[in-house]
Amino acid sequence: MRRIYLYFLCLIVLTPGIVPAAHPQGKPAEKAPAPSVAPTSGFRAEFLEGLAYYEKRYTSLAEAMPAEKYTWRPGEGVRSVGEVFTHIVGANCGVARALGTAPPAGLDFKSIMALSSDKPKVIPALKDSFAHFRNAIIALKDADADKAQKMFNRQTTLRGSFIAITDTLANTWANRLPTRANGVVPPWTEGFNQPQQKPAEKPKP
């Protein structure tokens, strides 16, 4: 039995891939950095609430839009539906970079635009960009609300930049994403468009 145990112990130590990681003596293993926690109050929390509003609408519409409509454009020289979504992907990462968070490793802004006609690739890229943007906001500090910040070629404060970003999200939403022209009903309005059912009449005595 002892011989079998020693054989099994040697097999574990000598087999690649299952050897425990070695650390220098006297130096404990470094702990992974604790994940940032989203604020529950303050101007960052307020902005994140607005960001979630537009994230839900952009992503749900990207999912509802038929794949063949991603190349549709309202006129010559105007972004197609898919190009609007990929523009948002690039904008989310670009604004996050302006706020101090580097783009994801290996991100190529030109290659993002090349995905515009490929719905299965656009949707995860869109969701990932919002997650990246959200983490960039969480990494900031409420104490820096009045810190000087340049956003969209305009000198403002960090708080002011949030207002400018929200306005841009709203304008992009209102002016660049024609939905009903493509026969697509915005998913969040479906409940409002259905006629209300009348309550059943009580039987007469």
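Which residue takes a positive phi in the hairpin of strand 1 and strand 2? In this predicted model, the residue is Phe 152, with a phi near 55°, and the hairpin has two residues between its strands. Some ground rules come first: local features need pLDDT of at least 70, side-chain atom pairs count only at pLDDT 80 or more, and totals for chains, interfaces and linings use all residues. Residues are numbered from 1 along each chain as its sequence is written, and side-chain values use heavy atoms, with hydrogens and water left out.

Now for the overall layout. The protein has seven helices and two strands, and from the N terminus on its elements run α-α-α-α-α-β-β-α-α. Helices (H or I, at least four residues) and strands (E, at least two) are DSSP runs here, numbered from the N terminus. Of the 205 residues, 32% count as buried; buried stands for under 20% relative accessible area, exposed for over 50%, and partly exposed for anything in between, with a 1.4 Å probe and protein chains only. The accessible surface comes to about 14,300 Å², and 57% of that belongs to carbon and sulfur atoms. These areas come from the Shrake-Rupley method with a 1.4 Å probe, and for residues only the protein chains shown count as cover. As for contacts (heavy atoms within 4.5 Å), take those between residues at least 6 apart in sequence: 68% of them join residues at least 24 apart.

Strand 1 (residues 148–151) and strand 2 (residues 154–157) pair in the antiparallel sense over four bridges; strands are said to pair if DSSP finds at least two bridges between them. Met 151 stands opposite Arg 154 of strand 2, while Gln 149 has Thr 156 as its bridge partner. Gln 149 and Met 151 make up the covered face of strand 1, and Ala 148 and Lys 150 the uncovered one. The loop between the two strands holds Phe 152 and also Asn 153. Most residues other than glycine have a negative phi. Phe 152 is not a glycine, yet its phi is positive at about 55°, and Asn 153, not a glycine either, has a positive phi of about 60°. How exposed are they? Phe 152 counts as partly exposed because its relative accessibility is 44%, whereas Asn 153 counts as exposed because its value is 76%.

Over to the helices. Helix 2 (43–64) and helix 5 (residues 119–138) pack with their axes 10 Å apart, at an angle of about 180°. The axes are lines fitted to C-alpha atoms, for helices over the stretch in contact, and angles run from 0 to 180 degrees between N-to-C directions. The two helices are therefore roughly antiparallel to each other, a label given to angles over 145 degrees. Helix 2 brings residues including Phe 47, Leu 48, Leu 51, Tyr 58 and Ala 62 to the contact, and helix 5 brings residues including Ile 123, Leu 126, Phe 130 and Phe 133. By type, the residues of this contact divide into 12 nonpolar, one polar and six charged.

Gly 42 sits in the loop between helix 1 (2–14) and helix 2, and counts as partly exposed because its relative accessibility is 33%. Its C-alpha atom is 6.7 Å from that of Asp 142, 100 residues apart along the chain. In the loop between helix 2 and helix 3 lies Met 65, which counts as buried because its relative accessibility is 0%. Met 65 and Lys 119 are 54 residues apart in sequence but 8.8 Å apart in space, C-alpha to C-alpha. The loop between helix 2 and helix 3 also holds Thr 71. Leaving out residues up to four places away in sequence, Thr 71 touches Ser 80 and Ser 117.

Thr 86 touches Ile 112, Met 113, Leu 115, Ser 116 and Val 122, not counting residues up to four places away in sequence. Thr 86 counts as buried because its relative accessible area is 2%.

How values were computed
Parallel < 35°, antiparallel > 145°, perpendicular 65-115°, else oblique. Nonpolar A, V, L, I, M, F, W, Y, C, P; charged D, E, K, R; others polar.
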